[in-house]
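Subject: Structure handover

Hi,

Here is the structure I promised to pass on. Please open it and keep it beside you while you read my notes.

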Amino acid sequence: MERFLLQRVRGMDLSEALLTIAVGLIIADALLVVYGGQPVSLPLPRELRAPVDLGVMMYPYFRVLIMVFAVLLGVALWLVMTYTRIGAAIRAGVDDRETAMSQGINVPLLFGGVFAVASFLAGIAGVVGTSYMSLTQGLDVRVLMLSLVVIIIGGMGSLKGAAVGALITGMVSSFATGYLPQFALFFLFLPMTLILVFRPQGLFGRTA
């Protein structure tokens with residue numbers, strides 16, 4: 001996908017987004033044809049199902065592990081992107097592909113590696129998420145929708161923006177679903193709408 005499709009629209013944000021969405025929908029429908037639409041869940045080991053006393057509430061131990069893992073992964077990605085040569089090469093390839101290649105950086109190979117790592121992390125997230133969210137028909141569209149909201153709120157190309165956007169989206173979605181379920185979608189898209197109106201590049205995105 002990265003070699004034969006994404007490389008042809010590299011640098012065109014809208015085309016890249018539409019292409020990946022289209023491929024995702026095609027793959028989802030193909031899997032639906034092959035495996036059917038029966039919901040599937042992965043049972044957790046008994047040790048991970050026990051609740052943890054957080055002082056103010058009892059919370060599932062497994063979800064605490066997920067949050068800790070997400071924070072550690074985010075910090076690790078930030079360190080790599082900020083303090084390593086490969087992180088500098090990635091940022092250079094995104095900002096100015098031609099100049100980066102003139103400095104000896106193999107941008108196509110580098111971006112292919114980034115795509116592979118991102119796909120691997122997405123696969124891990126899918127396995128972990130299935131442990132508390134059953135695989136059901138339409139879940140891919142739901143996750144994709146949330147991802148787009150996160151990116152629009154945080155801003156394209158910003159790791160900090162992705163973290164803040166995910167936090168805002170998760171908090172709004174959780175509280176709206178819990179207290180005003182009939183308006184859950186309204187409150188989910190409200191922050192994104194405000195961002196698009198007053199700061200189209202996102203909270204931490206760069207202006208063109």
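In which helix is the place of Glu-16? Glu-16 sits in helix α1, which covers residues 13-35. Keep in mind that this is a predicted model.

Next, is Glu-16 buried or exposed? Its relative accessible area is 18%. Buried means under 20%, so Glu-16 counts as buried. Look at what surrounds it, too. Set aside the neighbours within four places in sequence. Glu-16 is then in contact with Leu-6, Val-9, Arg-10 and Gly-11.

Now step back to the whole protein. It has nine helices and two strands. Read from the N terminus, the order of elements is α-α-β-β-α-α-α-α-α-α-α. The C-alpha trace spans about 55 × 40 × 35 Å along its principal axes. Of the 208 residues, 18% count as buried. The protein exposes about 14400 Å². Carbon and sulfur atoms supply 71% of that area. One more figure concerns contacts between residues at least 6 apart in sequence. Of these, 48% join residues at least 24 apart.

Then turn to a helix pair. Two packed helices are described by the angle between their axes and the distance between the axes. Take helix α3 (residues 61-83) and helix α4 (residues 85-95). They pack at an angle of about 75 degrees, and their axes are 5 Å apart. Angles of 65 to 115 degrees count as roughly perpendicular, so α3 is roughly perpendicular to α4. Which residues make the contact? From α3 they are Val-80, Met-81, Thr-82 and Tyr-83. From α4 they are Arg-85, Ile-86, Gly-87, Ala-88, Ile-90 and Arg-91.

Last, the surface. A nonpolar patch lies there, with about 1200 Å² of accessible area together. Its residues are Leu-167, Met-171, Phe-175, Tyr-179, Leu-180, Phe-183, Phe-186, Leu-190, Leu-194, Val-197 and Phe-198. Helices α8 (159-179) and α9 (184-198) each supply at least two residues of the patch. Which helix gives the largest share? That is α9, with five residues.

Pick out one patch member, Leu-190. Leu-190 is in helix α9. Its relative accessibility is 31%. Partly exposed runs between the buried limit of 20% and the exposed limit of 50%, so Leu-190 counts as partly exposed.

Best wishes

Conventions
Residues numbered from 1 in each chain as written. Predicted model: local features only at pLDDT ≥ 70, side-chain atom pairs only at ≥ 80, totals over all residues. Heavy atoms only, no water. Patch = residues over 30% accessible without salt bridge, like charges linked within 9 Å, V, L, I, M, F, W, Y side chains within 5 Å. Areas by Shrake-Rupley, 256 points an atom, 1.4 Å probe, with all protein chains shown as cover. Salt bridge = Lys/Arg side-chain N within 4 Å of Asp/Glu carboxyl O. Helix = DSSP H or I, 4+ residues; strand = E, 2+ residues; numbered from the N terminus. Buried < 20%, exposed > 50% of the residue type's maximum accessible area, 1.4 Å probe, protein only. Axes fitted to C-alpha atoms, helices over the stretch in contact; angles between N-to-C directions. Parallel < 35°, antiparallel > 145°, perpendicular 65-115°, else oblique. Contact = heavy atoms within 4.5 Å.
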